[in-house]
There are 2 protein chains.
Amino acid sequence: MLDLPPLQATARDDAVLNVLADFVIHEELKPGDRLPTERVLSERLKVSRTTVREALTRWEGLGLVERRQGSGTYLKAAVSRDMLHLPLTFASGNDFESLMHTLEIRRGLEAEAAALCALRAGPAELEIIRQKLEVMEEAFHARAGMSSDEDWDFHQAIYRVSGNPLFEQIITAMHELFHRFWEHPLGVHDFGHASFPYHRTIYERIAARDAEGARAEALKLIATVEADLRRGDANLKRAGYK
Amino acid sequence: MLDLPPLQATARDDAVLNVLADFVIHEELKPGDRLPTERVLSERLKVSRTTVREALTRWEGLGLVERRQGSGTYLKAAVSRDMLHLPLTFASGNDFESLMHTLEIRRGLEAEAAALCALRAGPAELEIIRQKLEVMEEAFHARAGMSSDEDWDFHQAIYRVSGNPLFEQIITAMHELFHRFWEHPLGVHDFGHASFPYHRTIYERIAARDAEGARAEALKLIATVEADLRRGDANLKRAGYK
DNA sequence: TGCAGAAATTGGTCCGACCATTGTACCATT
DNA sequence: AATGGTACAATGGTCGGACCAATTTCTGCA
């Protein structure tokens, strides 16, 4: 029994996107560049502007492109010929429970990224991480508290060095999605204070090529964040905000 | 400094989707149900059919809806008022390296899900997992090899019992995306044979409420899968297919 | 030279029409 | 009665042209 393809009769949208992807690659367009106007695309591809717009709407929904009225359509992410799309949509992210759920996902990914990092980091990569760590520690002592930006830089360095781009993509996407919460989640301003020492222990385990040790330290770090959040949530509830 | 919303002057698309979401919720439409035709929506909402179509194209891109020409538009997933969209798109998933990358993501998530499962599984949930395990083991002995379906059922049960719906959503989405590979990846037909015993050990750790033990066993399981894949890839390369 | 207003450009919306596919009711053949 | 074909209506897909709204660019005056 051969698995015959669905054979969609009309698939102009996809055709348009394929041609457009080829164009972007051929022209070596990078994020931020402007791509041809809808009217030009319509004329060149011999399809109606409606069809072009439907196709661009798809790309816009995937975050590949940004449309600015009166200005043009701009590339927002790198485009390649073999792109896989994984649209995730989940319900109600405005409550404490959802925040915990995303944190659990992050814990799994963070631990794995740290472990892989310990296996794959070369001297140069290790140096980058160490630098980010020191910048973060300096900021911590200067302000007597965790700094989100420097903290985030440190973690991103780990994702990058892990050798698997998916970690950075997924966690960054989640981070942006919950930006409002991660800023001052639940009103806890010294948020992440308890997590401070584990940044250095993670680095040390990575430097020692100890994958399981790095994984364990990463788990401890997220555990402290989780504890902080639970404390903040409890405070809110006690204050009668819920 | 208040973070004022972008406030796009023209955002009829979103407005349409909000109203449509309310409609779906109010009418209690479930996946598989058919929703009003584009022409009806256009008339009821007092917007052009073009706008309705752009809105539905967005939902289609998110996998919330499926459009069948000549038939209608059908709901494909649950819709709620507070939906968060996390569209991920990554390049080139047709090679061995990408398969490894997704497997690393899965390892992190699988381990975390198993650990949470050990903490949260009640007697009823534990019984469900045990049942899936036995079905899988039976299928294994009957066919003298791993069965993808029963194996998948077992893992899905763990995701569900973890109490965090994100695990099932993310891993299922990845599973569907890489369907062709997970079936007979790289032509290895006794794929996953080595992973068999770890299913039971994972269950035992969960039953014993041993979160870290469950995490460790899950890591071992994925490690065997990874080893199998590496072996298959090496075979392919030796055979000159690459 | 500098700047305000006009004009062109571009994405957003609307309308009406027609095409392609699907589902259904009806009819003829067996 | 069952089967298969056919016409018709419903529905999503595409088209062309028009106008609106935001932005950019050009122009001419001070």
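Select Ile206(B) to begin. Ile206(B) touches Ala114(B), Cys117(B), Ala118(B), Ala121(B), Ile129(B) and Ala214(B), leaving aside residues up to four places away in sequence. Touching, or contact, means that the C-beta atoms of two residues, placed from the backbone, lie within 7 Å.

This is a predicted model: local features need pLDDT of at least 70, side-chain atom pairs count only at pLDDT 80 or more, and totals for chains, interfaces and linings use all residues. Residues are numbered from 1 along each chain as its sequence is written, while chains are lettered from A and ligands numbered from 1 in the order in which they are written.

**Stop 1**

In soluble globular proteins, nonpolar side chains tend to be buried together.

**Stop 2: chain A as a whole**

Helices (H or I, at least four residues) and strands (E, at least two) are DSSP runs, numbered from the N terminus. Follow chain A from the N terminus: the elements run α-β-α-α-β-β-β-α-α-α-α-α-α-α. Of the 242 residues in chain A, 33% are buried.

**Stop 3: a sheet in chain A**

Select β1, β2 and β3 of chain A. They make an open sheet of three strands in the order β1-β3-β2, with antiparallel pairing. Two strands pair if DSSP finds at least two bridges between them. β1 (34-35) and β2 (65-68) of chain A are at the edges, each with a single partner strand, so one side of each has no neighbour in the sheet.

Zoom in on β2(A) and β3(A), residues 72-75. Four bridges join this antiparallel pair. One bridge partner to find is Leu75(A) in β3(A), which pairs with Val65(A). β2(A) and β3(A) form a hairpin with three residues between them. In the turn, Gly70(A) has a positive phi of about 80 degrees.

**Stop 4: where the chains meet**

Show both chains. Here 40 residues of chain B are in contact with 40 residues of chain A. On chain B, the elements giving two or more residues to this side are α3 (49-61), β4 (83-91), α4 (96-120) and α7 (165-177). α4(B) gives the most, with 10 residues. The side of chain B that touches chain A divides into 19 nonpolar, 15 polar and six charged residues. Ala, Val, Leu, Ile, Met, Phe, Trp, Tyr, Cys and Pro count as nonpolar, Asp, Glu, Lys and Arg as charged, and the others, Gly among them, as polar.

Select β4 in both chains. Nine bridges join β4(A), residues 83-91, to β4(B), and the two run antiparallel. Look for Leu88(A), opposite Leu86(B).

The same surface serves both: 100% of the contact residues of chain B recur in chain A.

**Stop 5**

Select α6(B), residues 148-161, with α7(B). They pack at an angle of about 145 degrees, with their axes 6 Å apart. Gln156(B), Tyr159(B) and Arg160(B) in α6(B) meet Phe167(B), Glu168(B) and Ile171(B) in α7(B).

Next, pick Glu28(B), in the loop between α1 (12-26) and β1 (34-35) of chain B. Glu28(B) has a positive phi of about 55 degrees although it is not a glycine. Is Glu28(B) buried or exposed? Glu28(B) is exposed, with 7 other C-beta atoms within 10 Å.

End at Arg209(B), in the loop between α9 (196-207) and α10 (211-238) of chain B. Arg209(B) is partly exposed, with 14 other C-beta atoms within 10 Å.

Conventions. Buried ≥ 20, exposed ≤ 12 C-beta atoms within 10 Å, placed from the backbone. Axes fitted to C-alpha atoms, helices over the stretch in contact; angles between N-to-C directions.
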